[in-house]
Amino acid sequence: MYGEEASKLAREAKRTIDHFPPYNDPLVRSITREIRHLHETCQSLIREYNLQREQAEEEARRRWQEQQDQNSQPAAASSSSSSSATTAHGSDRSDPNHTTLAMLEPITPLSSRKQYRSLEALTHELVQPMTELFWTKYMVHDTPLQRNKRILMAYHFQRLEKIKELAWAYNSLSDSSRRLLSPDEIVFFQEYERSCRNKYTNLPEFQELDLGLGLMISPPKEVFITVRVLKDCGDIVTESGSTLSLKKNSEHFVKRGDVERLINQGYLLHVA
Amino acid sequence: MEDYYDIDSILAEDQNIKCVFHRSIPGLAWLEGGQDDVLKAGSRIDIPFWLARELIGHPQGSVEMEIETPDFYGTKVRNGLRAEATVVDLPKLCPHFFRFGAHFLQIIEDPKLGEVLEKAFKDRLQTTMDHTQSGGMSNTTEYLQRLDETERELYKAGLESSASVHQWNQHSFGRIRSAGEVLLKRKLA
């Protein structure tokens, strides 16, 4: 049944709404293959339908012609008069302003309008059932195509929202994060980060506050914070000039601004 | 559709429903899993809701078909919901019970079903929210198993807000998080 792979992807997206799994490239590829296959099927259905429709219209015209020939005599007289009227028009076509009384009548006299309608009815009768079948078959292939597309869009949208969050919080990707993204997503991250930085950090307000992307997303609650060191970082020099030696598992009570970047990168842990 | 990107909406439409075509359609027998080419008129097939919705009443003309109301919206379940809504095990019937109901009612006229669903939702909501605030009463886990997806989301939201209040009381708000945390966890603050 078409659309099953896509449902699998949708379920994965739902399951992983909290954590970020690696990009599911094989599944995405097989879904795009299915889309292409469905598209080809749809195209061939359309071609087939157009062919059948032409044949049906031919058939309808042929039958209509037979009907007309059967009721021919009075109809022939009126049709010949209308054809003579059209030849009269033809000779005056050279002078566009020349109007005759005949021109002022409606172009198709009443009797042949009725004939035209009966042709329409006949064509409709032959074509309609075929049309219904066509639309049903076509929709059975087109709907999974649209649904596959929708699911792919939703999957990528969800991942991109997370990536945007990352871009705002941090300036660069760590290696472990990089492994989780597809190459296109990495490019997106870099472009997005660059355009946000260009747009926002050049505004005068930002210059004063010295904000960049990746710092102070929420207003700080206190100036000094307690941190515990997770990974050994050696010694750092703080703003005020003193040095801190950051050995693993040691706790320090430090100014927020000094250590914020290190916390972001995962070297320190902010303890209440 | 404003919920084009919404995963829950997508999954809710995945529910299968039974349809009957009134005419034979050559070339579609695989819908039924059949071997020969023609899908015979009057055969009941099980197709996903998103497909049925497009097939029924296409403006350019489509083969006539009927949609049956699925069992889990039938009389037995409705009576159960009317009697005591909080006890009915919804995910067993249909994982997106309420959401699918909303979609289903767009193509089928059934005001009674709408009323039943609305009332059941309201009744269950009260109990669900009680479970979030009390931090786990004795029968919480079994109660949670009877919630459908929409209700589960609400439960999670309730839990998050009560955890936030707790955090605020502890002054542990506004913690700086590392990159790994952002990727791995949903925002709590």
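At 32% relative accessibility, A:Arg53 counts as partly exposed in this predicted model. Its side chain meets that of A:Glu57 in a salt bridge, with 3.4 Å from N to O. A:Glu57 has a relative accessibility of 26%, so this residue counts as partly exposed too. Both residues belong to helix H2 of chain A, which covers residues 25-70, and they sit four residues apart, about one turn of the helix. Side chains of opposite charge can pair when their charged atoms come close.

Helix H2 of chain A also holds A:Arg62 and A:Glu59, which lie three residues apart, again about one turn of the helix. These two form a salt bridge in which the closest N and O atoms are 2.8 Å apart. A:Arg62 is partly exposed, with a relative accessible area of 45%, and A:Glu59 is partly exposed at 27%.

Over all chains, the count comes to 28 salt bridges. One of them joins the side chains of B:Glu149 and A:Lys14, at 3.5 Å from N to O. This pair crosses between chains: B:Glu149 is in helix H8 (residues 149-169) of chain B, while A:Lys14 is in helix H1 (residues 4-15) of chain A. Here both partners are buried. They also take part in a network of salt bridges that links A:Lys14, B:Asp8, B:Glu149, B:Arg152, B:Glu153 and B:Lys156.

Read from the N terminus on, its elements run α-α-α-α-α-α-α-α-β-β-β-β-α-β. Chain A contains 272 residues, of which 36% count as buried. Among its contacts between residues at least 6 apart in sequence, 69% join residues at least 24 apart. The chain exposes about 17000 Å², and carbon and sulfur atoms supply 54% of that area.

The surface also carries a nonpolar patch, formed by A:Met153, A:Phe157 and B:Tyr5, with about 260 Å² of accessible area together. A:Phe157 is found in helix H5 of chain A, spanning residues 110-169. With a relative accessibility of 35%, A:Phe157 counts as partly exposed.

Strands of a sheet pair through backbone hydrogen bonds, either parallel or antiparallel.

Strand E1 of chain B, made of residues 16-21, pairs with E5(B) over three bridges and with E4(B) over five bridges. B:Cys19 can be followed in both directions: this residue stands opposite B:Ile45 in E4(B) and opposite B:Ile67 in E5(B). B:Phe21 has B:Met65 of E5(B) as its bridge partner.

Elsewhere in chain B, B:Leu113 is found in helix H6 (residues 111-133). Its relative accessibility is 1%, so B:Leu113 counts as buried. Leaving aside neighbours within four places in sequence, B:Leu113 is in contact with B:Tyr73, B:Arg78, B:Phe104 and B:Leu105. B:Tyr73 and B:Leu113 are 40 residues apart along the chain, and their C-alpha atoms are separated by 7.4 Å.

Technical notes
Residues numbered from 1 in each chain as written. Chains lettered and ligands numbered in written order. Predicted model: local features only at pLDDT ≥ 70, side-chain atom pairs only at ≥ 80, totals over all residues. Heavy atoms only, no water. Pairing = 2+ DSSP bridges. Helix = DSSP H or I, 4+ residues; strand = E, 2+ residues; numbered from the N terminus. Patch = residues over 30% accessible without salt bridge, like charges linked within 9 Å, V, L, I, M, F, W, Y side chains within 5 Å. Areas by Shrake-Rupley, 256 points an atom, 1.4 Å probe, with all protein chains shown as cover. Salt bridge = Lys/Arg side-chain N within 4 Å of Asp/Glu carboxyl O. Buried < 20%, exposed > 50% of the residue type's maximum accessible area, 1.4 Å probe, protein only. Contact = heavy atoms within 4.5 Å.
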